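Q: Please take a close look at one strand and its partners. Then place that part in its wider setting, with the cut-offs behind each term.

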Amino acid sequence: MNTTALLAWMGLGFFWVHTLLMAAHALGEGRALSRRLGAWRRAGGLRRAQVTQGTGPEHRLAVYEVEQTGRSKGDGTIHFHDRAYRSLVDGGKIELRGGAVVTLSPRAAIEVWTPPARQRAKANVFEEADFKAAQTLAVKARGFPRVLEYSIRVGDEVRLFGWDGQGERSTRPSAGESAVVGETVGSPLTPVIATFDPRAWLRRRAWGARLAALVIVLSAVAVTVPMFVGEPFGLEAKVGALAAVIVFNLQQLWLKFVRDHTREPSQCHVRGRWSLEVPRGT
Amino acid sequence: MGDLLTSASTPSSTWLVRRREEWRQVGIVAVYQALILTPVLITSARHPLVFLAACYFSFLNAVVIHNHLHKGVFHSKRLNKAFRFLLSFGALYPASANIPSHNLVHHHFEEDGQPDWAAPGHVRFRWNFLNLLHFPNVVGPNTFTGVKRWSDVTRHPGFVFQYNAETVFAFAVTGLLLWVNFWPTIAFVVLPQFYGARCILRINLIQHDACDVDSEWNHSRNFVGRGFNWIMCNNGYHTIHHNRAGMHWVDLAHAHREQVVPRMDPRLDEPSMIRYLLRAFVLHVHRESNVPGRGHEEERHLGRPSRLERYAAADDAAMREAGGRAT
């Protein structure tokens, strides 16, 4: 075997090692979501409940905040990037189905989950009157700061994890639990208050990650097979090798897509943009 | 304090290059180009040792990209931009990507609220060796999607054109070589290109893993071997490079000894990168979790400009270096 052939084999080995690493990473993202679902199931599932008291402004019980900075080159579009995610509790009461009442003290450590699609939709909504002032700041180095708020108020239907049917805490607060959650990766046992039933969302994303791992491996198979069809180092092998170089880069982008789409609702990218060219408001 | 803010050695400028030592960087790139192009054209040059040397010099080519995008090698801005094309071909990615990804985002860690696209926490395999292997698979796409978002908002004149032109050039030359001689190009050009580009990403993990990025002096690991730093153009002195991004690489060794060593946790000075890699990634199965303490930071407020002020100044310098104005 000459040197070029040896190196080509080595390149193929390198491609497969990284294919398997990327597939393992995608599986790991799915497994993290499944672990959260498993923890919920073992603790008795999510409790349906209604907020009956909120001690925050306008009877707010809790809020999920996304701190952002908007930047623009003055072309009529402001692009936002996320700086921090925060779940904050004002305090109040939640009545579980069955009548038990859970009292949340202000600054309790609990993750506030709202649907990611709703978060992103809100990020794009603006009034034309606000745009000019925002753009003036957005073209400067510091950018245009804003905080998106997703509130839970009196009367809202919620799903609760972390309390049993009698309103007692079913999970112990962990040592690292702080009042501002959502800025670090949550443990599967971190209490959650959600404005939607997140189980289907988690299940879909977990399976999506597994499917993505399969796609990563199958794409590698698809480009490897031609390398062994026909004459060694012939035309088919060349096509396979060239495709492997392209697929290798696509796999990495695909893994990024998986990582972005398996971020939990208290961590997911919101970003968004304001553009004078697109329809405004909802 | 004056000593902290001025250059540590006298610049030795020549008519063409900014400092006499820049010829080392030019030489590295020339040797690398010879190592990858010769085997494509000459059969007898296709030897495993040539391949290994090409891989190593590809990594050094990426080190030169890093230094060049902080401070251009040449006095002439046009020549600096032209040099970026050659460097981009060597790495198969546009050298200008370093402006947003490294100079403006990585150098700030997460202090300005923009998550570091190359933070060590992006990989979390239990077997640490896999983190070292896998890191570029995660950080590479973070970088390129991040650069795309940055391109949408930058008012840096000419950045998008330069970035796209470097991309086209790098892929066009590589494509041409593939057309001329396919398998030798795959083996002696594409594989080294990948190796270098991915190793420079891995350096982010190696230099910051288990360090305290909130600290003024303990955010980075330094590799202080003299031979290592000669060939690596002083890229082993990472703490001072982060704190004084505008300082020329030639001055880093002196500044490290004078400014960093008295203040940093001594465990973050590693005599050998190879020994560190063996210890942290091969001999230890699990990731080192001991973040060096903050006990050596009494001198963090010595009347120096604040970290954010220094960042802003470094950003302005980076933009000027890149040939545009600050946004």
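Predicted model: local features only at pLDDT ≥ 70, side-chain atom pairs only at ≥ 80, totals over all residues.

A: Strands here are DSSP runs of E with at least two residues, helices are runs of H or I with at least four, and both are numbered from the N terminus. Residues are numbered from 1 along each chain as its sequence is written, and chains are lettered from A and ligands numbered from 1 in the order in which they are written.

The contact takes 27 residues from chain A and 28 residues from chain B; residues are in contact if their C-beta atoms, placed from the backbone, lie within 7 Å. On the chain A side, the elements giving two or more residues are helix H1 (3-42), strand E2 (60-71), strand E3 (77-89) and helix H5 (235-261). H1(A) gives the most, with 10 residues. For the complex, the predictor gives an ipTM of 0.89 and a pTM of 0.88.

In chain B, 8 of the 8 residues of helix H5 (residues 98-105) are buried, so H5(B) is largely enclosed by the rest of the structure. Buried means that 20 or more other C-beta atoms lie within 10 Å of the residue's own; 12 or fewer means exposed, and in between is partly exposed, with C-beta atoms placed from the backbone. B:Pro100, B:Ser101 and B:Val105 of H5(B) meet B:Thr143, B:Gly146, B:Val147 and B:Trp150 of H6(B).

As for confidence, pLDDT is the predictor's score for each residue, from 0 to 100. Chain B averages 87, with 83% of the residues scoring at least 70. Over residues 1-10 of chain B the pLDDT stays under 50, and the model has 13 contacts for them beyond four places in sequence. Residues 294-304 of chain B are also below 50, with 18 contacts beyond near neighbours in sequence.

Definitions and conventions: Contact = placed C-beta atoms within 7 Å.
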